[in-house]
Amino acid sequence: MLRSLTRIQRDAGVLANAPFVGSLQGSLQFSSNISPSALGGDETVMGMIGTSVTKKLWQERLTKNKDRLKHLPLPALNAKPPQPITVTYRFSSDRFLQEQYRNPWNQVRVGKLLEDLDSLAGNIAFQHCDDERTDTQLPLLVTASVDAIHLRRRLDLHQDVQVSGQVVWTGKSAMDIRMQLNQEHCKGEPSLVALFTFVARHPLTKKSTQLNALKPQSAEEKQQFEERQAVADARKAARNVSASAQPEGTGAKQKWAEQLLGEARAMIDMPSLTSGNAMLMRDTAMQNTFVCQPQQRNIHGRVFGGFIMRRAYELAFATAYMFAGQRPTFKEVDEVTFMRPVDVGDLLKFRSCIIHTAASASCPNKAIIYAEVVASVAQPEQVISNMSNMLTFVFEVSQDHVADADTRKGSSAASPCKVKRVLPATNEEAQKVYQFFPAEGG
């Protein structure tokens, strides 16, 4: 999604009644009360379907963006140290805010947090680019990808949540933003860690443009920078590898994929003779389609990327729930790729399926489920459909879940519900499996 980072001098009065204290460079504390008087013109009412946190993060940026002039030059480049931003959710004292983030099982609604993480990452990127001048405009920022979001422990809806983040690496036109979520009972260990990648675009030409370099200060910041630099170098090397060069282990992976395809063909051709411990990838699929509404747009007028992540997560959760026969536990967002923007009025289609299952390496009686969601924009008038996003979610379930007899019609006793293997039925599906899980085929 596209973010406009041109801005003007801060209008101190716009946020006078907003329900948080602090500035973009400091700590933001959120409660649920939304003051209409804190809203300015029509542009500040964008995305009113979003969470309270998302709205206030956007208002903070809009304060600087309100009267921007697009013909102004870009600011001079300067190396900047990391500048953390912290957001606090007052769940312990604000019952209404707590209710906004409650899921049906009295736990924190993960999809809402995904929205807020995307918004916070945008503000962190804004701050890194901002030169605090009124005679320049900042570049546009595009969320290129989400490398990972790891939930390390279950969140407590009745305790305050603190989310903090900062830039940890910059390249020529890209930056990595790391965020972590903490709760008091975890004694300093983060409950969730997320890593977003942004790239800068010129506001007029939309071509890549250079960013302020990052100047890490502490030993930890320098280590994080070096780690992300190593990742960037590895990706660059992978892009430079000749297409004709065959990576080590490819032959073994290909044989493994062909074996899976053979099992799938036997299941298709001779269903009565194959075992019941596996099913075809295509048979796990679920989907939904809707028209993107104006209330789902971001401050630039495009459909908010956090909204797309939330809807994709909720479909992936439902798919894993239906597949496993038990409520799954979210573990991580494995990868999110933003390929093209989504506009208001677009017909957006989500298709989700289970692409892989495996035993948990850390807990023998648990199984890991990988769900992939592909979002595409359909244009019926032109008979065109283009992929806009690809997202992979990881869930955990009990390996031998037992369902009560009362919940299974026609069953006279409790029965085990073992998690099944998933088989690819086409070469494209097989490629997808060993592309995401090379260790399985090596």
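# Briefing: salt bridges, a helix and a nonpolar core

Threonine 136 is buried, because its relative accessible area is 8%, and the cut-off for a buried residue is under 20%. The model in which this residue sits is a predicted one. Threonine 136 has its place in the loop between H3 and S4, and its side chain is joined to that of aspartate 131 by a polar contact of 3.0 Å.

**Salt bridges**

- The structure holds eleven salt bridges, and one of them is the pair formed by the side chains of glutamate 115 and arginine 310, with a distance of 2.4 Å from N to O.
- Because glutamate 115 lies in helix H3 (residues 110-129) and arginine 310 lies in helix H6 (residues 305-324), this pair ties together parts that are 195 residues apart in sequence.
- Glutamate 115 and arginine 310 are both buried.
- A salt bridge also forms between arginine 235 and aspartate 147, whose closest N and O atoms are 2.8 Å apart.
- Since arginine 235 belongs to helix H4 (residues 219-240) and aspartate 147 to strand S4 (residues 140-151), the pair ties together parts that are 88 residues apart in sequence.
- Another salt bridge joins glutamate 372 to lysine 432, and here the closest N and O atoms are 2.9 Å apart.
- This pair links distant parts of the chain, with glutamate 372 in strand S12 (residues 366-379) and lysine 432 in helix H7 (residues 427-436), 60 residues apart.
- Glutamate 372 and lysine 432 are both buried.
- Some salt bridges share partners, and in this way Arg109, Glu115, Arg310 and Glu314 are joined into one network.

**Helix H4**

- Helix H4 has 22 residues, which at 1.5 Å a residue should span 32 Å, and this agrees with its end C-alpha atoms, which are 32 Å apart.
- The residues of H4 that are buried include Glu221, Gln224, Phe225 and Arg228.
- Seen down the axis of H4, the buried residues fall within an arc of 100°, and they therefore line one face of the helix.
- On the other side of H4, the residues Ala219, Glu226, Ala238 and Asn240 are exposed.
- The buried residues of H4 are covered by parts of the structure that include S4, strand S5 (161-170), strand S6 (174-182) and strand S7 (192-201).

- In soluble globular proteins, nonpolar side chains tend to be buried together.
- The largest nonpolar core in this model has 100 residues, and those with the most contacts inside it are Tyr89, Phe196 and Phe393.
- Helix H6 supplies the largest share of this core, namely eleven residues.
- Glutamate 335 is found in strand S10 (residues 329-338), and with a relative accessibility of 35% it counts as partly exposed.
- Although glutamate 335 and phenylalanine 196 are 139 residues apart in sequence, they are 10.0 Å apart in space, taken from C-alpha to C-alpha.

Technical notes: Residues numbered from 1 in each chain as written. Predicted model: local features only at pLDDT ≥ 70, side-chain atom pairs only at ≥ 80, totals over all residues. Heavy atoms only, no water. Salt bridge = Lys/Arg side-chain N within 4 Å of Asp/Glu carboxyl O. Helix = DSSP H or I, 4+ residues; strand = E, 2+ residues; numbered from the N terminus. Buried < 20%, exposed > 50% of the residue type's maximum accessible area, 1.4 Å probe, protein only. Polar contact = N/O pair within 3.5 Å; in protein donor to acceptor, adjacent residues only side chain to side chain. Expected span 1.5 Å × (residues − 1). Arc of directions from axis to C-beta. Contact = heavy atoms within 4.5 Å. Core = buried A, V, L, I, M, F, W, Y, C linked by side-chain atoms within 4.5 Å.
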